[in-house]
Amino acid sequence: MKKAFYYIFTVWILLWGQVVSNHFLGGTLFAVQWILIAVLHSGLTRGPWAGEWIGFVLGILVDASSLGLLGIHAILYSLAGYAAGMFRRQLDASKPWTQAIFSWMVTMVYFALYLVVERFFSVNEGTFQWAFVTVPLMNALFAPLVFFALDFWAAVWDMTPVEH
Amino acid sequence: MDWELYERYRSTVLLAGLLFVSSLFLAFQKTSSVQHLRAFLVRFTLPPQRFLGQLKNSSSLSSPSADRREPSEGSVAESVLDFSGHFSGEEKRKIQVLTDENARFRDLFQVKESKWPGAIVAHVAGRDPQRWFQEIVLDKGKEDGLEPDFPVLSIVEGREALIGRILEVSAHVSKVMLLQDSLSEVAATVPGANGEDGVVEGTNAHELILKFLDRGSQVKIGDLVMTSGLGNAFPPDIPVGWVEGLEPDPRQLFLQAKLRPAARSNQIRVVLVLTK
């Protein structure tokens with residue numbers, strides 16, 4: 001039960017955080033994808049299973065909130081969670097530099113895949129925007145902060161993952 | 001053995017399943033079942049967006065009521081301090097916010113009553129950061145009377161300005177294709193220059209482009225561009241934007257004008273949807 005509440009509250013807070021962030025920074029070069037960073041955190045700390053689930057749930061909610069293509073963020077965030085989970089043995093997720101560089105790389109791949117998937121399923125042709133360059137940098141900049149906040153949040157709930 | 005295999009590769013199996021489900025959603029966007037799912041999910045995601053959309057109103061409306069409390073004896077000194085500067089400045093700001101908000105709504109309802117009494121007022125409920133200049137989401141949908149292709153206006157300084165048209169509707173929310181979307185095309189005219197007609201297209205950025213002007217066009221910088229009403233997609237004489245620059249098109253056959261939109265897409269909070 002506690003676990004369920006933890007995940008529900010986490011998803012809800014992340015969704016609110018992203019909406020608030022979009023309200024003030026959306027459409028600018030300084031937007032931050034808090035949800036994507038959180039999905040990477042889930043994958044890196046809890047493994048691919050949790051990363052995929054959290055990515056899928058958050059992705060489908062993001063799609064619904066934007067009335068964009070339903071499923072596009074679900075695909076991309078699930079992939080991000082899976083990739084982060086698969087790399088968790090190779091990466092030391094406790095190091096800020098690792099968090100920043102991994103977030104930067106995944107966000108670059110995310111944007112590339114976003115354009116590809118959108119081209120398949122939408123009549124709109126995705127076009128290059130400078131945000132595709134700056135947002136990964138912003139994500140990298142804020143990744144250590146998000147990782148720290150999520151670790152703290154998990155500790156408050158006594159839900160810090162334990163490796164077996 | 002199969003179970004062990006599944007345990008070993010369960011993350012990959014799950015990923016395949018999630019990707020398959022997501023692909024189904026993408027492939028069957030328009031089907032009623034996916035639309036229903038979307039409408040269900042929107043109920044979870046709209047509250048924060050609505051809250052933020054009305055944050056200014058609520059904060060500015062709730063604070064004055066809190067400030068209207070009767071001053072106690074102990075707060076006399078505070079009220080003296082208030083007059084000395086800090087709090088009165090804050091009050092001034094709140095009054096300014098309320099005044100602006102009132103003016104915006106007054107303009108909106110005046111235009112609605114005088115020109116389009118059947119129009120529907122809707123709030124901007126959200127927008128996708130990756131399609132910032134292309135789409136906005138409204139908090140009204142099919143059950144409120146909205147249909148695809150209805151024109152959407154904003155009110156700027158007491159005058160209407162075209163911002164786009166309804167692209168998709170679900171039960172309680174709808175998506176607007178903004179003029180800035182590169183797929184948007186609006187038949188337009190420049191009233192001051194012998195009624196020259198053209199087509200306004202989006203650029204996926206802030207500005208618009210008025211295409212197909214004659215090379216000897218009399219259009220000049222500062223001219224107002226309005227809808228022409230051709231094609232019946234939009235009513236005539238609604239401001240679209242102002243000419244900011246003129247240049248030959250890439251094929252050198254026509255002139256094209258860069259337009260500053262009549263309504264800044266970043267400042268849209270409340271819109272009028274024209275019903276047909």
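Predicted model: local features only at pLDDT ≥ 70, side-chain atom pairs only at ≥ 80, totals over all residues.
Figure 1. Of the 164 residues that make up chain A, 45% count as buried. The chain contains 6 helices and 0 strands, and its elements, read from the N terminus, follow the order α-α-α-α-α-α. Among the contacts in chain A with a separation of 6 or more, 68% join residues 24 or more positions apart.

**Figure 2. Helix H3 of chain A (residues 48-66).** H3(A) is mostly covered, with 15 of its 19 residues buried. The end C-alpha atoms of H3(A) are 26 Å apart, which agrees with the 27 Å that its 19 residues should span at 1.5 Å a residue.

**Figure 3. Packing of H3(A) against helix H4 of chain A (residues 72-86).** The two axes come within 7 Å and cross at roughly 160°. Because angles over 145 degrees count as roughly antiparallel, H3(A) is roughly antiparallel to H4(A). The crossing of H3(A) past H4(A) is right-handed. On the H3(A) side, the contact includes Pro48(A), Trp49(A), Ile54(A), Phe56(A), Leu58(A), Ile60(A) and Val62(A), together with Glu52(A) and Asp63(A).

**Figure 4. Packing of helix H2 of chain A (residues 34-46) against H4(A).** The axes of H2(A) and H4(A) come within 7 Å, with a crossing angle of roughly 35°. H2(A) passes H4(A) in a right-handed crossing. From H2(A), the residues Leu36(A), Val39(A), Leu40(A), Ser42(A), Gly43(A) and Leu44(A) take part. They meet Tyr77(A), Ala80(A), Gly81(A), Tyr82(A), Ala83(A), Ala84(A) and Gly85(A) in H4(A). The contact of H2(A) with H4(A) comprises 9 nonpolar and 4 polar residues, and no charged residues.

**Figure 5. Helix H5 of chain A and its cover.** H5(A) has 26 residues and extends 36 Å from its first C-alpha to its last, close to the 38 Å expected at 1.5 Å a residue. Its buried residues are Gln99(A), Phe102(A), Ser103(A), Val106(A), Thr107(A), Tyr110(A), Phe111(A) and Val117(A). An α-helix has 3.6 residues a turn, so residues three or four places apart point the same way. The cover over the buried residues of H5(A) includes H2, H4 and helix H6 (131-156) of chain A.

Figure 6. Neighbours within four places in sequence aside, Phe102(A) is in contact with Leu40(A) and Leu91(A). Phe87(A) and Phe102(A) are 15 residues apart in sequence, and their C-alpha atoms are 9.8 Å apart in space.

**Figure 7. Side of chain A that touches chain B.** Across the interface, 34 residues of chain A are in contact with 34 residues of chain B. Helix H1 (2-25), H3, H4 and helix H5 (96-121) of chain A each supply at least two residues of the side that touches chain B. H3(A) gives the most, with 9 residues. This side of chain A divides into 21 nonpolar, 12 polar and 1 charged residues.

Note on methods. Residues numbered from 1 in each chain as written. Chains lettered and ligands numbered in written order. Axes fitted to C-alpha atoms, helices over the stretch in contact; angles between N-to-C directions. Helix = DSSP H or I, 4+ residues; strand = E, 2+ residues; numbered from the N terminus. Parallel < 35°, antiparallel > 145°, perpendicular 65-115°, else oblique. Left-handed = near helix turned anticlockwise from the far one by under 90°. Contact = placed C-beta atoms within 7 Å. Nonpolar A, V, L, I, M, F, W, Y, C, P; charged D, E, K, R; others polar. Buried ≥ 20, exposed ≤ 12 C-beta atoms within 10 Å, placed from the backbone. Expected span 1.5 Å × (residues − 1).
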